[in-house]
Structures are given as structure tokens and as C-alpha cells.
Amino acid sequence: MKEQKYPLSWKKDDFSIKIFCSIPNIATGIFLKSGKTNFVIDPGDGILRDLNTKIGTKQILGISDIFVTHGHHDHIGGVWSLLTYLRVMRKGSPLTIHHPKGCVEIESILNAFERVYAKSISYELTLRSIDETTSFTQNNVLIKPFRVVHKEFLSDGSKREVPALGYNFSYKDKTICYGGDTAYCDELVNHARNADLAIIEAGHEDDEPDDMHMTLKEAKSIGESAKQYFLVHVPE
Ligand SMILES: [Zn+2]
Ligand SMILES: [Zn+2]
């Protein structure tokens with residue numbers, strides 16, 4: 001597979017998404033805009049740098065929500081610097097971070113952040129634990145989280161499942177499906193079908209399917225059920 005050329009961008013009228021990067025074990029960073037609403041999805045390492053270069057401070061201060069698919073470092077490694085930047089730049093509007101129930105990484109980062117900066121956070125910061133039963137509308141965007149299947153290795157070489165969600169974002173009559181990191185699963189198959197854009201990971205190293213990431217073949221078969229798709233998280 002040839003290297004992905006980041007950023008990957010998609011836009012229909014005033015609904016757009018920019019994937020700054022998505023490299024397994026390194027970083028992911030996604031910016032979604034619908035009308036005047038700014039969301040960040042999976043703020044991995046480098047998210048602040050990329051947001052600064054591509055959208056600028058004023059738009060960064062307008063970010064209302066962050067959506068986390070799971071707690072792996074390549075998806076949340078940039079949270080601390082983004083939250084601190086918002087504090088330094090005196091963001092005034094509230095910020096909500098949505099994350100899968102049981103995601104201890106994001107909860108720990110937020111606990112530490114609030115402890116360190118208790119007296120100087122200029123904005124209302126809310127951590128919201130969600131699951132696949134929690135569909136909601138935020139600033140005219142309908143958000144549908146769905147359960148995906150993702151694992152990590154323990155020190156003895158065995159694997160454990162991590163709390164992981166994909167998200168469908170619908171605005172006006174368009175839907176973007178982002179599966180996050182996942183093995184092939186029916187939930188993703190169902191949510192990607194007929195989406196206007198599907199963002200599908202193909203993070204598995206070889207062609208044998210497993211329960212952590214998808215092979216290129218699996219990812220493509222899901223992508224092709226959408227009107228348009230990007231393959232992301234492809235090992236470099
Ligand atoms: Zn990842
Ligand atoms: Zn992961």
C-alpha cells in the first residue's frame with residue numbers, strides 16, 4: 001500500500017473534515033467543521049501544531065467538543081498541550097470531551113490537568129463518558145457512537161479488550177462515519193454503509209485477519225459500501 005498523503009480533506013457545502021494524520025503507534029488528529037461548529041476527533045500528538053498551521057488560533061478557541069475513540073497514545077497524546085493552550089489563550093466558551101466509558105487514560109489526564117491548573121482554567125471543561133446507547137445532538141450535529149472491537153497487549157503477551165467507540169456524525173443530510181481503531185465488526189459494517197464519507201482504519205500489518213486492526217482487504221470492503229472513503233492508520 002502506498003503511503004497516505006496527509007492531510008486528507010473532504011467537504012460538502014459547510015460540512016468538512018480534515019485528517020491531519022493517522023499513523024498507527026505515532027499519531028492521529030482530525031478536525032471536523034459543520035457550519036460554525038468546530039470539533040476535534042482523536043487529538044493525538046501534534047494536534048496543536050496542526051490546528052495552528054491549518055485553522056489558526058481563533059478557530060481553535062471555538063472548538064466546542066473533542067471526541068475520543070479510545071485511550072491509546074496515538075489517539076490522545078495531544079490532549080494535554082491542547083487543553084493547556086486553550087487555557088493560556090483564555091478560551092471563554094465551554095469544552096466537552098466525550099470518551100468511551102472506562103477510558104482510564106483520558107480520565108487520568110483530565111484529573112491531572114484539573115489538579116495542576118485548578119485556579120487558572122478559563123473555560124468550563126466537562127468530561128463526558130458515553131457508550132453506544134448515547135446518541136445526541138450537539139450544535140446541529142447528530143452524533144451516534146457505536147461499539148467497535150479493539151485490543152492491546154499486556155506485559156505477558158496476552159491481549160485485553162479496550163473500551164473503543166466509532167462515531168457517525170450527521171449534519172443536514174450528510175453523514176461521516178469514523179470507526180477509530182477496530183477489528184472487522186458488524187457495528188462498523190452497519191454504520192459505514194451508505195455514509196457520505198467513511199474513514200476506515202487498515203492498521204493490520206499483514207493479510208491474516210485478527211482482533212485488533214483490519215487488513216487492507218477488510219477495510220476496503222467496508223469503505224466500498226460508503227459513497228466515498230478514506231483508508232487511514234495504514235502502517236508506514
Ligand atoms: Zn491507533
Ligand atoms: Zn488503538
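Predicted model: local features only at pLDDT ≥ 70, side-chain atom pairs only at ≥ 80, totals over all residues.
Q: What is the radius of gyration of the protein chain?
A: The radius is taken over C-alpha atoms, and the globule rule is 2.2 Å times the number of residues to the power 0.38. The C-alpha atoms fill a box of roughly 50 × 50 × 35 Å along the principal axes. For 236 residues a compact globule would have a radius near 18 Å, and this agrees with the value for the protein chain, 17 Å.

Q: What share of the residues of the protein chain count as buried?
A: A residue is buried if 20 or more other C-beta atoms lie within 10 Å of its own, exposed if 12 or fewer, and partly exposed in between, with C-beta atoms placed from the backbone. Of the 236 residues, the share that counts as buried is 44%.

Q: Which residues have the most contacts inside the largest nonpolar core?
A: A nonpolar core is a set of buried Ala, Val, Leu, Ile, Met, Phe, Trp, Tyr and Cys residues joined through C-beta atoms within 7 Å. The largest one has 61 residues, and strand β2 (residues 15-23) gives the most to it, with six residues. The residues with the most contacts inside this core are A198, I199 and I200.

Q: Which residues is A198 in contact with, leaving aside its neighbours within four places in sequence?
A: Two residues are in contact if their C-beta atoms, placed from the backbone, lie within 7 Å. With those neighbours left aside, the contacts of A198 are C177, A192, I222, G223, A226 and Y229.

Q: In which sense do β2 and β3 pair?
A: Two strands pair if DSSP finds at least two bridges between them. β2 and β3 form a hairpin with three residues between them, and N25 in the turn has a positive phi of about 70°. Across the pair, I17 stands opposite L32 in β3. The two strands are joined over eight bridges, and the sense is antiparallel.

Q: Which residue of β4 is the bridge partner of L32?
A: Strand β3 (residues 27-34) has seven of its eight residues buried. β3 also pairs with strand β4 (residues 37-41), antiparallel and over five bridges. This is a hairpin with two residues between the strands, where G35 in the turn has a positive phi of about 60°. In β4, the partner of L32 is F39.

Q: Which strands stand at the edges of the open sheet of six strands?
A: The sheet has the order β8-β9-β12-β13-β14-β15, with mixed pairing. Its edge strands each have a single partner strand, so one side of each is left without a neighbour in the sheet. These edge strands are β8 (136-138) and β15 (229-232).

Q: Which residue of β9 does Q138 stand opposite?
A: β8 and strand β9 (residues 141-147) run antiparallel and are joined by three bridges. In this pair, Q138 stands opposite V141.

Q: Is L188 buried or exposed?
A: L188 lies in helix α6 (residues 186-192). Leaving aside neighbours within four places in sequence, L188 is in contact with V148, G166, G179, T182 and I222. Because L188 has 27 C-beta neighbours inside 10 Å, it counts as buried.

Q: Where does P100 lie?
A: P100 has 23 other C-beta atoms within 10 Å, so P100 is buried. Not counting residues up to four places away in sequence, P100 touches H70, I130, D131, P163, A164 and L165. Its place is in strand β6 (residues 95-100).

Q: What arc do the buried residues V79, L82, L83 and L86 cover around the axis of α4?
A: These four residues are buried in helix α4 (residues 79-88). The buried residues of α4 pack against α1 (47-54), α2 (56-61), α3 (73-76), β6 and α5 (104-116).

Q: Which residue with a positive phi follows α4?
A: The phi of this residue is near 60°. The residue that follows α4 is R90.

Note on methods: Residues numbered from 1 in each chain as written. Chains lettered and ligands numbered in written order.
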